[in-house]
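Dear colleague,

Please find the structure below, together with a short account of what was found in it.

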Amino acid sequence: MVWSLGLLAAILLPLFPLSWAFNRLLTSLPGGWSQALAVIVLPQAGLELLRFSHIAHHVPPSWRLYGGLWAVFSSLLYAFRAITAREVGIWTRLLVSSGLALAWLAWLSGAPLATVQVFALAFCVPAALLFLLTAALTRRMGGAYLGLQGGLVVALPRLSASLVVTALALLGTPLFPAFFVLWRSFGQLPLAWVPLLMPLPLLWGWATGRFFQDLLYGDFRGEPMTDLGRMTSALIGLVLFASLFLNLFGGGFGA
């Protein structure tokens with residue numbers, strides 16, 4: 001029973017290869033609010049299963065090492081796959097899967113479950129916003145593929161700016177919540193883990209660079225479109241600021 005709950009947790013808090021079910025579920029949902037809600041709720045449900053099963057008491061020390069290595073491998077794999085993604089929803093799914101795999105590393109290293117929950121939310125909140133922005137882009141263009149028309153920043157400046165800021169939040173750029181939870185969690189790991197984790201920010205940066213290149217550069221060749229509303233853009237910024245505030249003063253980095 002304990003290990004069955006742990007297996008289910010590895011699906012809801014995606015860990016390769018069980019992460020295919022997590023990504024498959026997100027893909028099957030209608031774009032927008034349903035995906036945004038699922039990407040927040042499912043990982044938290046997985047963490048609650050870990051709490052309910054008390055599986056931490058049944059994991060031998062050697063398994064913690066191998067589990068941590070598998071979590072790093074899963075994160076690197078999804079980060080590498082995100083480099084070639086051109087659809088915003090797919091890019092988001094791959095990057096949030098990469099980030100959430102590291103939640104297992106934090107948990108296996110002995111971090112309190114409440115801290116791991118904050119860790120997961122730091123990636124899931126920006127991912128949820130990106131799913132909503134993907135839906136907004138799809139409504140305007142018929143799809144959320146980047147690089148087909150080029151220079152979307154010219155036609156949709158507020159939507160493009162929202163995509164850029166939210167993507168930076170997802171990737172753990174300094175001043176965003178994911179940066180602080182990564183800093184805190186990695187600071188508790190042995191130095192021997194550092195070389196294994198060093199390629200990760202490089203892959204994330206590479207994937208983000210390709211994402212921004214397709215979004216911002218080039219000559220726009222499409223029809224005029226209605227941009228994102230000012231209030232909607234401001235609300236996105238408010239959500240990101242609120243998540244940073246809660247992380248700093250609600251038990252994340254400052255815990």
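Buried means under 20% relative accessible area, exposed over 50%, and partly exposed in between (1.4 Å probe, protein chains only). An α-helix has 3.6 residues a turn, so residues three or four places apart point the same way.

Helices (H or I, at least four residues) and strands (E, at least two) are DSSP runs, numbered from the N terminus. The protein has 12 helices and 0 strands. Of its 255 residues, 51% count as buried.

Thr92 belongs to helix α5 (residues 88–108). Thr92 counts as buried because its relative accessibility is 0%. Apart from neighbours within four places in sequence, Thr92 is in contact (heavy atoms within 4.5 Å) with Ala127, Leu130, Phe131 and Leu170. Across the protein, 81% of the contacts between residues at least 6 apart in sequence join residues at least 24 apart.

Residues are numbered from 1 along each chain as its sequence is written, and side-chain values use heavy atoms, with hydrogens and water left out. As the model is predicted, local features need pLDDT of at least 70 and side-chain atom pairs count only at pLDDT 80 or more, while totals for chains, interfaces and linings use all residues.

Yours sincerely
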